[in-house]
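Biologist: I am new to this structure and would like to learn how to read its features. Please take the pocket first, then the disulfides.

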Amino acid sequence: MTALVRRAALGVALAACSSGKPGGLAFHREVIDPAFRAEGVTVFDVDHDGNLDIVTDQLWYAGPHFTPHEVTTPQTFDVNAGYASSFGAFHMDVDADGYDDLVSFGLPDTPVKWCKNPRGEDVHWQCFPINADEFEESPAITNAFDGRTTVMMGVAAPRVIGWMEPSSQPTDPWIIHPITADPFAPMNHGLGLGDLDGDGRVDLLTGAGWFQQPSDPTSAWPFFPEDWCPDNCSHMYVHDFDGDGRADVIGASPHNYGAWWWHQERDGSFTKNVIDSTISENHSAALVDLDGDGIPELVTGKRYWAHFDRDAGATDPILLVAYKYRLDRGEVVWDRTVLDEGIGVGSHQLEVVDVDRDGKPDIVVATRKGIVLLRHE
C-alpha cells in the first residue's frame with residue numbers, strides 16, 4: 001500500500017491511499033537466523049574474502065551463504081520476557097591492524113565494549129572495555145569531529161554527551177570528550193548528526209534540541225532547545241527537503257505513533273510537519289537512497305514489543321516502511337511503501353548496505369523475530 005502524505009502542521013498525515021509500490025522498492029525476505037539473539041547488527045568483511053558478512057555480538061554469519069561462526073558462546077533470549085544483550089553493533093578498525101573490529105552496545109546503563117577481529121579465524125573474539133556505563137539508546141560512529149573515526153554517545157556518570165576515541169593503548173578504556181558542560185537529562189533516544197546551521201561543521205541533534213559544534217570540538221557545545229519529538233526521537237537526520245537552501249530535520253517516535261519533518265524557517269525556527277501518524281514504535285530509522293535516484297528515503301518501522309505491551313500501538317501490525325518525498329507545486333509530498341510485514345526493526349539501528357554487491361542497497365535487521373536480510377529485487 002502506498003499512502004500520499006502532504007505537508008501539514010498538525011493532524012493525521014495520510015491524506016489518500018492507492019495500491020501498488022513505487023518502482024525500485026521491492027525487497028525479498030531472507031531469514032539468516034530465526035532466533036532472538038540481538039537487536040544490534042552490522043555488516044563488514046570479517047575475514048577479507050571479498051564477501052560481506054553479517055555480525056552481531058554473538059555470531060558472525062559468513063557471506064555469501066551466511067554460515068554462522070561464534071563471536072562468543074551464543075545464547076537466545078525470551079521474546080516475551082526480556083531484551084537481548086546487544087542493542088547496537090558497529091565496526092571500525094580500533095587497533096589499526098587492517099581488520100575491522102566489532103563495537104558493541106548493550107542495554108542503556110550497561111558497558112560498551114569492542115571485540116578484536118581475529119582476522120577471520122573461527123575462534124572467540126577477545127573483548128575490551130570502552131566505557132563502563134552508557135546511558136542513551138542511539139549511539140553513532142562518526143569522523144566528523146577530528147577526522148578520525150570516533151563514537152558519539154552518552155556517558156552515565158556524570159550523564160554527559162560526548163564523543164570517544166581509543167586511548168593510546170586501545171585495550172584501555174577510551175577517552176571521552178564531553179560536549180555538554182553539565183549533565184544532560186532529556187536524552188534517551190535520538191542523536192542525529194548534520195550541519196544544521198550551514199557553517200560547514202557537523203552539529204548534534206536530539207529530540208529536545210541541538211548542539212552547535214564550535215571551532216574546537218573538544219570544548220562545550222552551545223545547546224539550542226527545540227520542542228521536536230515527544231519522548232525524544234529515534235534516529236534524526238538533517239536534509240533540505242524543500243530545496244530552499246536551509247537544512248531541515250526528520251525523525252520518528254520510538255515509543256508512540258508518528259514520523260515527522262521540521263522545516264527550517266528563514267529566522268532559524270522550525271515548523272513541524274506530519275509524515276505519518278499511523279505506525280507506532282519507530283525505534284530505528286535511516287535516511288538513505290534506496291532506489292538510486294539521488295533522493296533519500298526515510299526507512300523506519302515498528303520495533304516489535306519495544307516496551308512489551310506498554311507502548312501505544314504495541315499490538316499493531318509489524319511494518320517496515322520507506323517514505324519517499326517529492327515536491328508538488330512547492331509542497332513536500334510523501335509516498336509510503338511497505339517493504340516488509342512481520343519483521344520490523346531492531347532496537348536502535350537498521351543497516352542499509354549492498355550486501356550482495358549487485359548495485360542495489362539491501363536492508364539488514366536484528367529483531368525479536370530473528371536476524372533478517374531483505375534483498376533488494
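**Pocket and disulfides**

Modeller: This is a predicted model. Its largest pocket has a lining of 24 residues, and nearest the centre lie F90, H235, Y237, L350 and E351.

Biologist: How is such a space found, and how much space lies in the largest pocket?

Modeller: Rolling a probe the size of a water molecule over the atoms shows where empty space is left. Here the largest pocket holds about 460 Å³.

Biologist: Which strand gives the largest share of the lining?

Modeller: That is β24, with four residues. Strands that each supply at least two residues include β8 (88-92), β16 (192-194) and β29 (351-353). By residue class, the lining has 17 nonpolar, six polar and one charged.

Biologist: Now the disulfides. How many are there?

Modeller: A pair of cysteine sulfur atoms within 2.5 Å is taken as a disulfide, and the count is two. In sequence order, the bonded cysteines pair 1-2, 3-4.

Biologist: What handedness does the disulfide of C115 and C127 have, and why?

Modeller: The torsion about its S-S bond is about 100 degrees, so the link is right-handed. The sulfur atoms of C115 and C127 are 2.1 Å apart. C115 sits in strand β10 and C127 in strand β11, 12 residues apart. C115 is buried at 0% relative accessible area, whereas C127 is partly exposed at 32%.

Biologist: And which cysteine is joined to C229?

Modeller: C233, with an S to S distance of 1.6 Å. With -70 degrees about the S-S bond, the link of C229 and C233 is left-handed. C229 is buried at 8% relative accessibility, and C233 is buried at 0%.

Definitions and conventions. Residues numbered from 1 in each chain as written. Predicted model: local features only at pLDDT ≥ 70, side-chain atom pairs only at ≥ 80, totals over all residues. Heavy atoms only, no water. 1 Å grid on protein atoms, 1.4 Å probe; cavity = no way out; pocket = protein on both sides within 12 Å on 5 of 7 lines; lining within 4 Å. Points joined across faces, edges and corners; volume = space filled by probe spheres on them. Nonpolar A, V, L, I, M, F, W, Y, C, P; charged D, E, K, R; others polar. Buried < 20%, exposed > 50% of the residue type's maximum accessible area, 1.4 Å probe, protein only.
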